[in-house]
Amino acid sequence: MTDHHDHHAHLTDLEALERCAIHGRATLYPERIKIMVGTATCGNAAGAQEVLDAVREEVEGKHLPYAVAETGCIGWCSQEPLLDVWVPGQPRVTYGRVKAKTVRDILAELPEPKADRALAVMTGDDNPITGRRTSYCNGGDRPEATLNGLPTYAELPLFKRQLRIVMRNCGIVDPSSLEEYAARGGYRALWRALFSLTPREVLQEVQLSGLRGRGGAGFPTGRKWQAVCEATGGPKYIICNADEGDPGAYMDRGVLEGDPHSVIEGMIIGGYTMGAHEGVIYVRDEYPLAVARLSEAILQAQRADLLGKDILGSGFSFNIGITRGAGAFVCGEETALIASIEGRVGEPRPRPPYPAERGLWGKPTCINNVETWATVPVIVQRGGTWLAGIGTPKSKGTKVFSLVGNVTNTALIEVPMGTTLADVVNEIGGGVPAGRVCKAVQTGGPSGGCIPAEQLSLPVDYESLTQAGSIMGSGGMIVMDDRTCMVDIARYFLGFLEDESCGKCFSCRVGTQRMREIVNRISLGQGSEGDLQLLEDLAWLVGETSMCGLGQSAPNPVLTTLRYFRDEYLAHIRDKRCPAKVCKSLITYTIDPVVCNGCGACISPCAGGAITGEKKKLHTIEQAKCTKCGACLEACKFDAVLVN
Amino acid sequence: MLHVESATLDEAFARFDDRRENLIPILQEIQATYSYLPEDILRRVSRKLKVPLPQVYQVATFYRCFSLKPRGKHVVQVCLGTACHVRGGTRILERVETETGLSDVGTSPDLEFVVETVRCLGCCGLAPVMRVDRDVYASLEQAKVKRLLDRYRSGQRGRAARKGASGD
């Protein structure tokens, strides 16, 4: 991470906050060329660290007067690693799928970046905290111009429908810089809350905003806060649930790695409102970089008087600690999470009493999700009615989704509530890859369901998704094309739930196991038609008799696939056929004798050593040895491998 | 046999006080040092924190990140999140198992690798992915697996070989 000078030793007055922001502006929009590399976990996985090293080497080696900075993830996952070049007075130019060896060529073009290598340009950034737009083009007095015909972010289908409130700073600021966060209007809301609003008034704004919990269930945040405000006994606690366990979802990771201060600010405001002096962020163990960036941000906030005793001289004290999860999905459930913080096994307990009355250490506790906390500063700064103006009558504001699976633009996106699934998948996501057909969209993780392609006109809000048999959930949105078998998907989620059930309720522990066995049987071609009724009965039973959300929603993946894709189950049962050609027991791999040209590409990847054939002669697969790994299908460039 | 490095354990104890809530962080520290939780150390933790041994055992076996058996040198975590599943994560897992001589997850016979599945690394946009030690590898194909593991086998890559890969 970039080193930052301790400009913000003590922010004892508004002027100091302003000074901090000025320093931030100097690195955010410097008067010299700036090179940015997105180094969130996903960027790193794609090679961002190598790219960053190459940039530093080039800049230092040639003594170039350029600033080099890291940013979080802007959400354009399919193009990672991303490198951005900002020449003062010009739009910011984004390069995608950058390799260390192309860095030199990109930098060699400066100060006039060329269009042929780049993806798009950002002509300015919008800031929901201030409500203002910072234009990158000569101070904004000139119309925002693009560069050599490159599309602007505002024109790109991936970005044009997005509205970034939670992700306001992701991919813009250096997550290790408190100053840059301040330059974007950060901690202004905390200031406003502490010195201009009473706790009661902050609560009213949150209630007015209509914000609902972003962790999945959608409980009104204002009502939860009110309950904690009214609860007797103390000390009270604030918890940030960053145990992002849903597979296929990484919104929280994006925010924590890209803009950790937004969560911290939200939590301090929550503490002030509810009269709590201690906060805990519970982060999943699988996110080491998020833990590192959060720890750094907390330390900075403490040094700057934004955390600790007598914050900014207001008399209000609040501090935050981090608890690392230990790899248990059920700990995303609030009572299990609390048990885990207390050092016990993460087993949920019956509610009521809700954590608002009896939470951490038996005291009133407010647990909200990462996105919820990150939204709070915007509500305080812009007012609750501002947020309430976005979204649908019952679902306000925006929601971040991880748009992944079989979709062209895999991305982390933020859209107003009420945007239709079709707009998200087809427009923002660019649809399924060419030649494939969209089959379903899975939302809500293992608690959610599969929404069939015919229902993509559904608006994304809490009620609509629930009506379709799925849930909003934390925001994972996995697009599935015609190569996805819905029986296999049901089996996948049941396997997940069977593994992750804490075992406390008999119906969940044994029910998920039995359901998995039945679906497994069907995928092996050994199912009977009676199995479907049995599955439905079991699903109903598990849902009705489990104590926590994990068991109560466990039937959703089964019930939605049964509801919308019953034919596919029947094909497995009656015809012993897997229409998507996924279930291994029901498919065979062969080589098309007409197409195969004997290139040999499939021979070495074959896991079972089942493929034989001389060069330029027809290859064959020995069925007894074939493990159906599909490597030949991946390797063949001539579509000569047939799956039936 | 296990060589108990008391210094490390004492360090862990020194960093956390004896409150029960520190049980999990202390176990995490031990797991990170030894790559598993040795029984004699669990007994010492139990005495130190005054948490009955069965409860320490309960916590140690409930959470996925703990292991009671020694594990291979390199930790291979194949992601089986939904996006990875849809994009062939299971096939990557099978290939990793074949390449390491395993028929299921576990420690390979040559003690080089411990193969695990992980519920989601949060790199879904680049699925399928897997993590070896601290490096995350994206957009995997079966054909790449062998070469990748060989780099670890030969010592070209290893723990902390690539700085900054995970930020610490």
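Reply: Ser553(A) is buried, with a relative accessible area of 12%, where buried stands for under 20% relative accessible area, exposed for over 50% and partly exposed for what lies in between, using a 1.4 Å probe and protein chains only. The model is a predicted one, in which local features need pLDDT of at least 70 and side-chain atom pairs count only at pLDDT 80 or more, while totals for chains, interfaces and linings use all residues. Residues are numbered from 1 along each chain as its sequence is written, chains are lettered from A and ligands numbered from 1 in the order in which they are written, and side-chain values use heavy atoms, with hydrogens and water left out.

Ser553(A) belongs to helix α21 of chain A, residues 549-553; helices (H or I, at least four residues) and strands (E, at least two) are DSSP runs, numbered from the N terminus. The side chain of Ser553(A) makes a polar contact of 3.0 Å with the side chain of Ser447(A). Such a contact is a pair of N or O atoms within 3.5 Å, where within protein one atom must be able to donate a hydrogen and the other to accept it, and where residues adjacent in sequence count only if both atoms are side-chain atoms. Once residues up to four places away in sequence are set aside, Ser553(A) touches Pro446(A) and Ser447(A), contact meaning heavy atoms within 4.5 Å.

The crossing is left-handed, a term used if the near helix is turned anticlockwise from the far one by less than a right angle, whereas clockwise gives right-handed. The residues that meet here are Leu532(A), Leu535(A), Glu536(A) and Ala539(A) from α20(A), and Val558(A), Leu559(A) and Leu562(A) from α22(A).

Thr512(A), in helix α19 (residues 506-523) of chain A, extends the picture of this region. Thr512(A) is buried, at a relative accessible area of 0%, and a polar atom of its side chain lies 3.4 Å from the backbone oxygen of Arg509(A). Beyond its neighbours within four places in sequence, Thr512(A) is in contact with several residues, among them Leu494(A), Leu497(A), Glu498(A), Val542(A) and Ala554(A).

Another helix pair of chain A can be set beside this one. The axes of α10 (residues 251-258) and α14 (residues 370-382) come within 9 Å and cross at roughly 50°, and α10(A) and α14(A) are therefore oblique to each other. Met251(A), Asp252(A), Val255(A) and Leu256(A) of α10(A) meet Val370(A), Glu371(A) and Ala374(A) of α14(A).

Lys581(A), which is not a glycine, has a positive phi of about 60°; Lys581(A) is found in the loop between α23 (566-574) and β17 (589-591) and counts as partly exposed at 42% relative accessibility. Lys628(A), likewise a residue other than glycine, has a positive phi near 55° and is found in the loop between β19 (620-621) and α24 (631-635), where Lys628(A) is buried, with a relative accessible area of 18%. A cis peptide bond joins Leu110(A) and Pro111(A), with omega about 10°, and Pro111(A) lies in the loop between α4 (103-108) and β5 (120-122). The bond from Gly234(A) to Pro235(A) is cis too, with omega near 0°, and Pro235(A) lies in the loop between α9 (221-230) and β8 (236-242).

Conventions. Axes are lines fitted to C-alpha atoms, for helices over the stretch in contact, and angles run from 0 to 180 degrees between N-to-C directions. Angles under 35 degrees count as roughly parallel, over 145 as roughly antiparallel, 65 to 115 as roughly perpendicular and the rest as oblique.
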